Amino acid sequence: MLNVPGLTRNQRWVLALAAQRVLELGWSKRNERRMAAQGGRFCKQDRYAEMVGFHALWLLWLLIAARRPVAPARRALGAVAVGQALRYWSIRTLGDRWSTRIMTVPDAALVRDGPYRIVRHPNYLAVAVEIAAAPLAVRAPTLAAIGSLANAAVLRRRIGTEEACLAGKHTGC
């Protein structure tokens with residue numbers, strides 16, 4: 001865990017979570033370059049800025065909420081771990097096709113292995129679990145509720161756009 005003087009243990013944990021997300025953005029960019037080399041195209045209306053903005057604000061609010069030196073709630077930490085495991089299973093299953101952006105690659109079949117056998121959008125489910133559970137881990141139930149509602153609104157629009165792009169029915173893809 002990050003050892004930054006003056007921060008609570010919970011804040012260091014939140015910073016580690018944020019650092020993980022930043023590393024994932026680099027991983028996503030690498031995969032986007034590979035998909036572009038295969039003729040992949042970005043969906044122009046993928047609501048990416050909306051999603052990034054929401055996640056940045058959520059992490060900031062979580063960092064502020066974590067300033068109280070309280071013991072982390074273990075069950076909530078367990079739920080975060082389950083969410084992380086599902087998220088990384090999803091990412092691993094998609095391999096080079098995983099991206100934080102919506103991209104379509106010509107003639108690429110939909111992935112139906114791993115967690116995609118069970119759930120259509122397991123990565124979004126995993127993130128929803130994390131957005132609900134991480135604030136509970138630092139004893140911030142208001143952030144858990146508001147963050148979950150905001151995430152549901154963002155995902156509703158995002159998944160609709162993604163489904164349209166994957167079906168070839170969206171003009172922006």
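This is a predicted model: local features need pLDDT of at least 70, side-chain atom pairs count only at pLDDT 80 or more; totals for chains, interfaces and linings use all residues.
Residues are numbered from 1 along each chain as its sequence is written, and side-chain values use heavy atoms, with hydrogens and water left out.

Staying with α2, the buried residues are Tyr-48, Met-51, Phe-54, His-55, Trp-58, Leu-59, Leu-62 and Ala-65. Seen down the helix axis, these buried residues fall within an arc of 130 degrees, so they line one face of the helix; the arc is taken from the directions that run from the axis to the C-beta atoms. Their cover includes α1, α4 and α5. Helices here are DSSP runs of H or I with at least four residues, strands are runs of E with at least two, and both are numbered from the N terminus.

Let me turn to the largest nonpolar core, which has 22 residues, and in which Trp-13, Trp-58, Leu-62, Ala-134 and Val-138 touch the most other members. A nonpolar core is a set of buried Ala, Val, Leu, Ile, Met, Phe, Trp, Tyr and Cys residues joined through side-chain atoms within 4.5 Å. The largest share of this core, six residues, comes from α2. If we leave out residues up to four places away in sequence, Leu-62 touches Val-14, Leu-17, Ala-134, Pro-135, Val-138 and Leu-143, contact meaning heavy atoms within 4.5 Å.

Next, which helix holds Asn-31? Asn-31 lies in α1, residues 9-37, and is buried, with a relative accessible area of 0%. Beyond its neighbours within four places in sequence, Asn-31 is in contact with Gly-95, Asp-96 and Trp-98.

Most residues other than glycine have a negative phi. Arg-47, however, in the loop between β1 (41-42) and α2, has a positive phi of about 60 degrees although it is not a glycine, and at 35% relative accessibility Arg-47 counts as partly exposed. Asp-107, in the loop between β2 (103-104) and α4, likewise has a positive phi, near 65 degrees, and Asp-107 is exposed, with a relative accessible area of 84%.

Note on methods. Buried means under 20% relative accessible area, exposed over 50%, partly exposed in between (1.4 Å probe, protein chains only).
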